[in-house]
Amino acid sequence: MALRQKKPLDLTPYKVPEHIAIIMDGNGRWARRRGLPRVAGHRAGAENLRRIINACVEFGVKILTIYAFSTENWGRPESEVRGLMKIFARVLDQELDDLHAQGVCLHHLGDLTGVEPGLQEKVRNALEVTKNNDRLILNVAFNYGGRAEILHAMRQMLADNVSPDDLTEELVSRYLFTRGLPDPDLVIRTSGELRISNFLIWQAAYSEYYATPAYWPDFGREELYEAIVAFNQRDRRFGLVNQE
Ligand code: IPE
Ligand code: IPE
Ligand code: MG
């Protein structure tokens with residue numbers, strides 16, 4: 001069987017965002033549309049992640065942040081949560097070698113406490129194995145919430161006796177899970193929803209926002225390219241006025 005040819009996509013006229021963050025949404029609806037259980041949608045979503053990582057490497061994106069599981073998602077039916085945890089564990093088992101060979105450096109955003117010990121171990125191992133890679137930084141927001149992240153930062157700052165006089169935006173950024181990384185230039189949300197759902201609420205203060213009706217398993221390389229083209233049409237003013 002002939003491999004499907006990759007469509008040539010020319011990015012030379014465009015600026016590629018250094019940091020793209022994605023709210024990978026719509027797995028459940030993708031499955032329902034096919035008469036499948038929700039976890040089949042999550043499996044398709046995990047496969048799609050592989051395609052998007054490859055596309056980011058191809059396009060020269062330096063940092064990709066993905067929202068994989070929110071602090072609120074624990075409230076879903078137990079069978080769905082269990083299914084998701086199994087998928088995360090399997091992805092780490094099956095993809096780690098390839099990700100490492102591809103030069104992907106994994107970071108975790110969120111809190112591992114409360115996560116099943118076996119999965120915690122797989123995450124820690126993946127971070128350790130890939131820590132010196134520098135082709136693409138892949139931040140996985142897992143058991144992540146933006147408010148929880150800010151609370152965590154506040155607690156650490158209090159524990160470190162940070163004085164009110166020393167408190168700056170820059171310092172707060174250094175206490176977040178994304179410490180040392182630039183803010184996302186572009187936040188993409190799939191599945192047509194127009195909300196941030198507790199994702200990077202500090203870091204995305206001035207990010208461009210792109211929403212697409214495509215469900216996450218259907219958001220592929222060409223859709224990512226379209227998002228980058230749309231990003232190039234934005235006028236990022238950061239509160240200033242442009243010189244005419
Ligand atoms: C996103 O897809 C994946 C996770 C939140 C883990 P959803 O599961 O939210 O899919 P919809 O929004 O119900 O279609
Ligand atoms: C956001 O999607 C979380 C992830 C993509 C992991 P949700 O589907 O959980 O968000 P809401 O419920 O639509 O706000
Ligand atoms: Mg959803």
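This is a predicted model: local features need pLDDT of at least 70, side-chain atom pairs count only at pLDDT 80 or more; totals for chains, interfaces and linings use all residues.
In which segment does Leu240 lie? Leu240 is found in the segment after helix 7, a helix that covers residues 221-232.

**First stop: a patch on the surface**

Select Tyr206, Phe238 and Leu240 together. These three residues make a nonpolar surface patch of about 360 Å². Is Leu240 buried or exposed? Its relative accessibility is 61%, and Leu240 therefore counts as exposed, since the cut-off for that class is over 50%.

**Second stop: the segment after helix 7**

Remain in this part of the chain and select Arg236 with Asp185. The two residues form a salt bridge, in which the closest N and O atoms are 3.3 Å apart. Asp185 belongs to the loop between helix 6 (169-175) and strand 5 (186-189), whereas Arg236 belongs to the segment after helix 7, so the pair ties together parts that are 51 residues apart in sequence. Asp185 counts as buried, with a relative accessibility of 16%. Arg236, by contrast, is partly exposed, and its relative accessible area is 25%.

Next, select Asp235 and Arg237. A salt bridge joins this pair as well, with 2.9 Å between the closest N and O atoms. Arg237 counts as partly exposed at 43% relative accessibility. Asp235 also counts as partly exposed, at 40%.

How many salt bridges does the count come to? The count comes to 19 salt bridges. For another of them, select Arg76 and Glu80, whose side chains meet at 2.8 Å, N to O. Are the two partners buried or exposed? Arg76 is partly exposed, with a relative accessible area of 30%. Glu80 is buried, with a relative accessible area of 7%, because the cut-off for a buried residue is under 20%.

Select residues 38-59, which form helix 2, and residues 78-102, which form helix 3. The two helices pack at an angle of about 25°, and their axes are 10 Å apart. The crossing in which helix 2 passes helix 3 is right-handed.

Most residues other than glycine have a negative phi.

Select Asn143, which is found in strand 4 (residues 136-144). The phi of Asn143 is near 55°, a positive value in a residue other than glycine. Asn143 is buried, and its relative accessible area is 8%.

Finally, select Asn198. Where does Asn198 lie? Asn198 lies in the loop between strand 5 and strand 6, the latter covering residues 208-211. The phi of Asn198 is near 70°, again a positive value in a residue other than glycine. At 14% relative accessibility, Asn198 counts as buried.

Note on methods: Residues are numbered from 1 along each chain as its sequence is written. Chains are lettered from A and ligands numbered from 1 in the order in which they are written. Side-chain values use heavy atoms; hydrogens and water are left out. Patches are made of residues with over 30% relative accessible area and no salt bridge: like charges are joined within 9 Å, nonpolar side chains (Val, Leu, Ile, Met, Phe, Trp, Tyr) within 5 Å. Accessible areas come from the Shrake-Rupley method with a 1.4 Å probe; for residues, only the protein chains shown count as cover. A salt bridge is a side-chain nitrogen of Lys or Arg within 4 Å of a carboxyl oxygen of Asp or Glu. Helices (H or I, at least four residues) and strands (E, at least two) are DSSP runs, numbered from the N terminus. Buried means under 20% relative accessible area, exposed over 50%, partly exposed in between (1.4 Å probe, protein chains only). Axes are lines fitted to C-alpha atoms, for helices over the stretch in contact, and angles run from 0 to 180 degrees between N-to-C directions. A crossing is left-handed if the near helix is turned anticlockwise from the far one by less than a right angle, and right-handed if clockwise.
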